[in-house]
Amino acid sequence: MGAHKRPSRLSRAGVVPLSVKSALTLAAVSATVLGPGAVNDAEAATISTKALWIAASKAGSPYVWGGTGPYSFDCSGLTQYSFKRAGKQLPRTAQEQYNRTEHIPSFSREQGDLVFFHGRGGVYHVGIYAGNNLIWHAPKTGSVVRLERIWTRSVSYGRVND
């Protein structure tokens, strides 16, 4: 019997081949059957997730004080632009955005939440949380929109409700 006709070690051990197992798992456990009017995962993404994708698409755009896009941004201009394109209006400044969001503890943060940086004068910077302690933001004059680690503990998190 040729190698291609012999039962695999997995099938001899009673393990269902991956393709069949995957199909059964998807059908029985985690797959969503799309019917008329249903949406796929990309369409069902939250506004915050869409805003995160939009901010990431602006990587390399120059920082310009007061910039609100689509080609240059300051920090709050990037968050405002990203959420607006995702379908949600935000105020213009980081402090106003902080005042408008639902404040959440750091252990509850999710991708697409806003990260607010605090100083003596209040909120001075904002970015969009990307996961793994990273944010998309427009840092300062002479820089560009980029993904960067959160560099301080003087932050709080805000959620934009859909």
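**View 1. The largest nonpolar core of this predicted model.** Here you are looking at a set of 25 residues, in which Phe83 and Leu114 have the most contacts inside the core. As general background, nonpolar side chains tend to be buried together in soluble globular proteins.

**View 2. The surroundings of Leu114.** Let's zoom in on Leu114 and set aside its neighbours within four places in sequence. Its contacts then include Thr79, Phe83, Leu90, Gln97 and Thr101. Val126, Gly127 and Ile128 also touch Leu114, as do Ser156, Tyr157, Gly158 and Val160.

**View 3. The buried residues of helix 4.** Ile47, Ser48, Ala51, Leu52, Ile54 and Ala55 are the ones to find here, and they are buried. Because they cover an arc of only 165° around the axis, they lie on the same side of helix 4. Among the elements covering these buried residues are helix 5, strand 3 and strand 4 (134-137).

**View 4. Stepping back to the chain.** Six helices and six strands make up the secondary structure, and along the sequence they follow the pattern α-α-α-α-α-α-β-β-β-β-β-β. Of the 162 residues in the chain, 36% are buried. Among contacts between residues at least 6 apart in sequence, 51% join residues at least 24 apart. The chain exposes about 10,100 Å², with 55% of it supplied by carbon and sulfur atoms.

Conventions. Residues numbered from 1 in each chain as written. Predicted model: local features only at pLDDT ≥ 70, side-chain atom pairs only at ≥ 80, totals over all residues. Heavy atoms only, no water. Core = buried A, V, L, I, M, F, W, Y, C linked by side-chain atoms within 4.5 Å. Buried < 20%, exposed > 50% of the residue type's maximum accessible area, 1.4 Å probe, protein only. Contact = heavy atoms within 4.5 Å. Helix = DSSP H or I, 4+ residues; strand = E, 2+ residues; numbered from the N terminus. Areas by Shrake-Rupley, 256 points an atom, 1.4 Å probe, with all protein chains shown as cover. Arc of directions from axis to C-beta.
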